[in-house]
Amino acid sequence: AGELRSVGLGFRAFDVLSPVEDWGLRSGEVGWAAFLFHRDYRDYYLNKGVAGHVFAQLERPLRVALEVRREWQTSLSARDPWTLFRTNQTWRPNPPVDDGHYLTFAAVVTLDTRNHREDPTSGWYLRAEIEESKSNDVTPQAGVPAAVRAPIPTDGSYRFRRAFVDLRRYARVSSSSRLNARMLAGGWLSGDPLPLQRRLAMGGPDPMAGYAFRHSACNRDIVDPAFQGTIPAACDRVLLVQAEYRGHIKLSWSYDPRDGRGDDGDALIRLDGPDLVVFGEGGQAWLVGSGPGRLSSGRFPTPGTWLADLGLGVDWGGLGFYVAKAVTVGQPLRFTMRLDHRF
């Protein structure tokens, strides 16, 4: 109800395959990578349940929402969809998750002052989410060692809190260039350890394109046969900083038997050019607390453990081709094709 300052109420029932992580590559990019090249950039689990939410558009750029969900989450066996290329290769199995019914309360605040949602050149974007979940029948995977997480209680008292913040700034430097920056942080906040389906990792086409898929995933100590062939995301938290400079390359061509100009003075046939993108990224995914394999005993990893990369690319209306190189560890040059802007 309402237009400028609207309020709303929603309800949904679902039976879907949910991704373990959906904050990196967009769903369309993941789907095309799988269909065309047999590339597997997500893990999935079966998620059934119901949810209800209320929201209020307090001002045009500011939205607040509250949601409650009742979900039944279970592990999903590997599937073998057909692909255009490499169809004879075996798909990576889905790692097992911590099965159970989860009751989740979530609050989301979104602030969006961008001048364009798909191709912004100025403005701010902020999305902050905090959620609290509990389960009275969780079945933890026995193959997760104490080096990765403490035992999950099975007496009906299991409860955890998780948060995620995505902050972006878009600024025009000149008529043909702009500077974009992003800070993303999220993961475990308090309570019992996160279930496997809510854990995190870093590395791959997005973010940290200079590193291999899930280069930092905190899964080195997971050797149980139930995880054989998988690359589980097992970290408690992630922190990421991205910056990019975009310089527009204008290309135009026109033909007119008279003077090559239209009535409005613009070229009759115009070919808009691409953006030259120079970017750098830094961040890390880590386990909270002290002990073997843990990067920090505090809230953040120490600066010496951060991953970083530099890259160069061409973005033509969202279709981008990039090359990136890790600068903190030895990695080869990595090539990435994107179907949308990086952020």
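The legends below describe close-up views of a predicted model. Local features need pLDDT of at least 70 and side-chain atom pairs count only at pLDDT 80 or more, while totals for chains, interfaces and linings use all residues. Residues are numbered from 1 along each chain as its sequence is written, and side-chain values use heavy atoms, with hydrogens and water left out.

View 1. Glutamate 281 stands opposite aspartate 309 in β10. With strand β11 (residues 319-326), β10 pairs in the antiparallel sense over eight bridges, and valine 314 stands opposite phenylalanine 321 in β11. Two residues lie between the strands of the β10 and β11 hairpin, in which glycine 317 has a positive phi near 65 degrees.

**View 2. The salt bridge of arginine 182 and aspartate 166.** These side chains meet at 3.1 Å, N to O, a salt bridge being a side-chain nitrogen of Lys or Arg within 4 Å of a carboxyl oxygen of Asp or Glu. Arginine 182 lies in strand β7 (residues 177-191) and aspartate 166 in strand β6, so the pair ties together parts 16 residues apart in sequence. Both residues are buried (under 20% relative accessible area, 1.4 Å probe, protein chains only).

**View 3. The salt bridge of glutamate 132 and arginine 161.** The side chains of glutamate 132 and arginine 161 meet at 2.6 Å, N to O, linking strand β5 (residues 123-135) with strand β6 (residues 158-174).

Definitions and conventions:
Two strands pair if DSSP finds at least two bridges between them. Helices (H or I, at least four residues) and strands (E, at least two) are DSSP runs, numbered from the N terminus. Buried means under 20% relative accessible area, exposed over 50%, partly exposed in between (1.4 Å probe, protein chains only).
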